[in-house]
Amino acid sequence: MKCRCCNKELNDILLDLNFAPLSNSYIKNPYPKDFYEKYYPLVVYYCTKCWFVQSNTFNNPKEIFNEEYAYLSSASKTFLNHCKIYVDDIIKRLNLKSNKSLVMEIASNDGYLLNFFKKKGINVLGVEPSKSVAFIAKKKGINTIIKFFGLKTALKLSKFNYEADLIVLKNVLAHVPNINDFVSGLPLVLKKNGQITIEFPHVLELIKKNQFDTIYHEHFTYLSITFLVKLFHKHNLKIHDVEKLKT
């Protein structure tokens, strides 16, 4: 396997969890007659050139984030409260304006976050690959495009003059298999002085607190600031503020 960021051959293993089924692929009851549950290898490598920590590549993301994706972000009251505080804070910090500013969330799930912006009169756009959760967002009146985000999707959005004052990535970057393609699309849909906010579990916390149960197939990457500084510099983006969150 080669590093999905810098293409260096990977030989160093952080953790090998052998084989496991997909975490959100629930078994139907009763079982179909010829049913068997699929197990996949679950190994985490690290790159000694760019310090990108990543799982083994084996499966198509469409198999995980499919039409009937089970996870709904709005199911957690604690997370919803965290998002509400974030929205109130970022509107003030970036001076976002009703009916003028555009907030884009990538992996917008069931519209849990954009709904808070919408209630403030701010224009919103969600990009979500899973049909089932995207339809829930649309029912809430959240403008949602059902696509995986990457360079191809960003080019299409830029043709329709979508330029965000704020792009929100909440716990999505760790779910991206082709991280260069994903990040290369961000500047295309961001205003010249626009901002991106990113939340992700930090790999140092994983190691310090032995959080091996946060390793599963949906998480293609395990991120650090060290790596992200290099990644974003490569795509003409710059990190200028970092905050450690209790969530």
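**Close-up 1. Helix 8 and the residue that follows this helix in the predicted model.** Just after helix 8, asparagine 236 takes a positive phi of about 60 degrees, and this value, like every other in these legends, belongs to a predicted model. Within helix 8, which spans residues 225-234, the buried residues are Phe227, Leu228, Leu231 and Phe232. These residues cover an arc of only 120 degrees around the axis, which puts them on the same side of helix 8. The partners against which the buried residues of helix 8 pack are helix 6 (179-185) and strand 8 (190-199).

**Close-up 2. The antiparallel sheet.** Strands of a sheet pair through backbone hydrogen bonds, and the pairing can be either parallel or antiparallel. Here four strands, in the order 1-2-3-9, form an open sheet whose pairing is antiparallel. Strand 1 and strand 9 (221-222) are the edge strands, each of which pairs on one side only. Between strand 1 and strand 2, which run antiparallel, there are six bridges, while three bridges join strand 2 to strand 3 (residues 53-55), again in an antiparallel arrangement.

Close-up 3. How many of the residues of strand 2 are buried? Five of its seven residues are buried, and strand 2 is therefore described as mostly covered. Tyrosine 45 in strand 2 stands opposite isoleucine 13, and the bridge partner of tyrosine 45 in strand 3 is glutamine 54. Valine 44, for its part, stands opposite serine 55 in strand 3. Strand 2 and strand 3 form a hairpin with six residues between them, and in the turn tryptophan 51 has a positive phi of about 60 degrees.

**Close-up 4. A nonpolar patch on the surface.** Ile27, Tyr31 and Phe35 form a nonpolar patch on the surface, and together they have about 300 Å² of accessible area. One of these residues, isoleucine 27, is found in the loop between strand 1 (12-20) and strand 2 (40-46). Is isoleucine 27 buried or partly exposed? Isoleucine 27 counts as partly exposed because its relative accessibility is 37%, and the range for that word begins where buried, meaning under 20%, ends.

**Close-up 5. The parallel sheet, with a view of its strand 6 edge.** A second open sheet is made of five strands in the order 6-5-4-7-8, with parallel pairing. Its edge strands are strand 6 (144-145) and strand 8, and each of them pairs on one side only. Two bridges join strand 5 (residues 123-127) to strand 6, and these two strands run parallel. Glycine 126 has threonine 144, in strand 6, as its bridge partner.

Close-up 6. In helix 4 (residues 131-139), where alanine 134 has its place, the residues Val133, Ala134 and Ala137 are buried. They cover an arc of only 100 degrees around the axis, so they lie on the same side of helix 4. Strand 6 is included in what covers the buried residues of helix 4. Alanine 134 counts as buried because its relative accessibility is 0%. Leaving aside residues up to four places away in sequence, alanine 134 touches Asn109, Glu128, Thr144 and Ile146. Just after helix 4, glycine 141 takes a positive phi of about 85 degrees.

Close-up 7. Side chains of opposite charge can pair when their charged atoms come close. Aspartate 88 forms a salt bridge with lysine 84, and the closest N and O atoms are 3.5 Å apart. Because aspartate 88 and lysine 84 are four residues apart in helix 2 (residues 77-94), they are separated by about one helical turn. Aspartate 88 is partly exposed at 27% relative accessibility, and lysine 84 is partly exposed with a relative accessible area of 40%. Lys84 and Asp88 are also linked with Lys120 in a network of salt bridges. Another salt bridge joins arginine 93 to aspartate 89, the closest N and O atoms being 3.0 Å apart, and these two residues likewise lie in helix 2, four residues apart, about one turn of the helix.

**Close-up 8. A salt bridge between two strands.** The side chains of aspartate 165 and lysine 191 meet in a salt bridge, at 3.1 Å from N to O. This pair links distant parts of the chain, with aspartate 165 in strand 7 (residues 164-170) and lysine 191 in strand 8, 26 residues apart. Aspartate 165 is buried, with a relative accessible area of 18%, whereas lysine 191 counts as partly exposed at 30% relative accessibility.

Notes
Residues are numbered from 1 along each chain as its sequence is written. This is a predicted model: local features need pLDDT of at least 70, side-chain atom pairs count only at pLDDT 80 or more; totals for chains, interfaces and linings use all residues. Side-chain values use heavy atoms; hydrogens and water are left out. Patches are made of residues with over 30% relative accessible area and no salt bridge: like charges are joined within 9 Å, nonpolar side chains (Val, Leu, Ile, Met, Phe, Trp, Tyr) within 5 Å. Accessible areas come from the Shrake-Rupley method with a 1.4 Å probe; for residues, only the protein chains shown count as cover. A salt bridge is a side-chain nitrogen of Lys or Arg within 4 Å of a carboxyl oxygen of Asp or Glu. Buried means under 20% relative accessible area, exposed over 50%, partly exposed in between (1.4 Å probe, protein chains only). The arc is that of the directions from the helix axis to the C-beta atoms. Contact means heavy atoms within 4.5 Å. Two strands pair if DSSP finds at least two bridges between them.
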